[in-house]
Amino acid sequence: MAQTVPKILSTHPLHPRASAKLAGAGQLVIASALDPATLTREAKDADIVIVRAPLPPALFEGAWKLRAAIRHGAGLDMIPMEAAAAAGVLVANVPAVNARSVAEHVMFTALALLRQFRRVDRDLRAKGWLAGREHANSNIELAGKTIGIVGLGAVGQAVGHIAAHGFDLKVVATTRSMQPAPEKVGFLSIDALVEQSDIIVLCCPLTPETRGLISRERIARMKPNALLINVSRGPVVDDDALIEALQKRRIGGAALDVFSTQPLPSNHPYFSFDNVIITPHMAGITEESMMRMGVGAASEALLVLAGKLPVNLRNPEVVDHYRRRFPLDI
């Protein structure tokens, strides 16, 4: 009896080097749409799902062949972990490989806010040379400021390294573990960090503890010219409180790459502020990071298809159930 070729379903196209790595190991299929019904239907006969979009819990109920859901990146909030566990499906990710891309985005947006890039560019184009140049009188240097990092995982550490060694910033951080601090990083409580930082960078995962972490009360404690940069997840910030602070010019500005609702509606209040930089959840996306994430996800898929466990297994408690579904060949 001919052996069935494994089906590898990816929610999005992969980097060419990742696709090449999977060639011969299975049939790579790109999802035709990202709505729950389509993903559930197209995953029914899949052996592997590579994830760059939210998966519905129902997908795991009918996917009888599914061995693993592999996140193309680090964050696991797109994968319903309870549904995966109940179905005996392994969950893996590719941590840390886009940290440099995200960190560079953080510094880019901090500089753009301090140098009022949106205002300068707009007025230069619409009103001429002198109108654009006039904004320079109130531009602010980055060097010497205090940057506060919330979450000191791979992204937070990359931000801290670039900030301290590249821009001569004072770096403070808060993290759940309060592990030994990297060089040139001091630890503070979240409240002290919010009060003392000129630039607050959110790099933490979304958990029950971090949901709403940047609350109305904490936004009120920010310095009058402080910047808030969010590259974590949208629900970490109280949107209503941030919008109110921006409307009242209580803070210096914000750079937001992630939102509670994505895509962000075109009429959202965030679009109305000159001192807010909006990007469509792309801080970690560069040609280089897409190659690293894609190749990493492909490598994990190959391990699973070979009967092995992924290197970055995120639900080891499921292994017994998984092995009952897919016994090892002796």
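Mentor: Happy to. Let's start with strand β6 (residues 146-150) and strand β7 (residues 170-174), which pair in the parallel sense over five bridges. Helices (H or I, at least four residues) and strands (E, at least two) are DSSP runs, numbered from the N terminus, and two strands pair if DSSP finds at least two bridges between them. Before we go on, this is a predicted model, in which local features need pLDDT of at least 70 and side-chain atom pairs count only at pLDDT 80 or more, while totals for chains, interfaces and linings use all residues. Residues are numbered from 1 along each chain as its sequence is written, and side-chain values use heavy atoms, with hydrogens and water left out.

Helix α8 (residues 154-167) lies across β6 and β7 and runs at about 170 degrees to β6. Contact here means heavy atoms within 4.5 Å; axes are lines fitted to C-alpha atoms, for helices over the stretch in contact, and angles run from 0 to 180 degrees between N-to-C directions.

Now step back to the whole sheet. Seven strands form an open, parallel sheet in the order β8-β7-β6-β9-β10-β11-β12. At its edges are β8 (185-187) and β12, each pairing on one side only. From one strand to the next, the twist averages 20 degrees.

Follow the order onward and you reach β9 (residues 199-202), which is joined in parallel to β10 by four bridges. Ile199 is placed opposite Leu227 in β10. On to the next neighbour: β10 and β11 also run parallel, with four bridges between them, and Leu228 has Ala254 of β11 as its bridge partner.

Buried means under 20% relative accessible area, exposed over 50%, and partly exposed in between (1.4 Å probe, protein chains only).

What lies across this part of the sheet? Helix α5 does, spanning β9, β10, β11 and β12 and running at about 150 degrees to β10. Twelve of the 16 residues of α5 are buried, so this helix is mostly covered; among them are Val102, His105, Val106, Met107 and Leu113. The length of α5 (residues 99-114) also makes sense: at 1.5 Å a residue its 16 residues should span 22 Å, and its end C-alpha atoms are 23 Å apart, which agrees. That expected span is 1.5 Å times one less than the number of residues. Just after α5, Gln116 takes a positive phi of about 55 degrees.

The loop between β11 (253-256) and β12 (276-278) holds Pro265, which counts as partly exposed because its relative accessibility is 34%.

For context, the protein has 13 helices and twelve strands, and buried residues make up 50% of its 330 residues.
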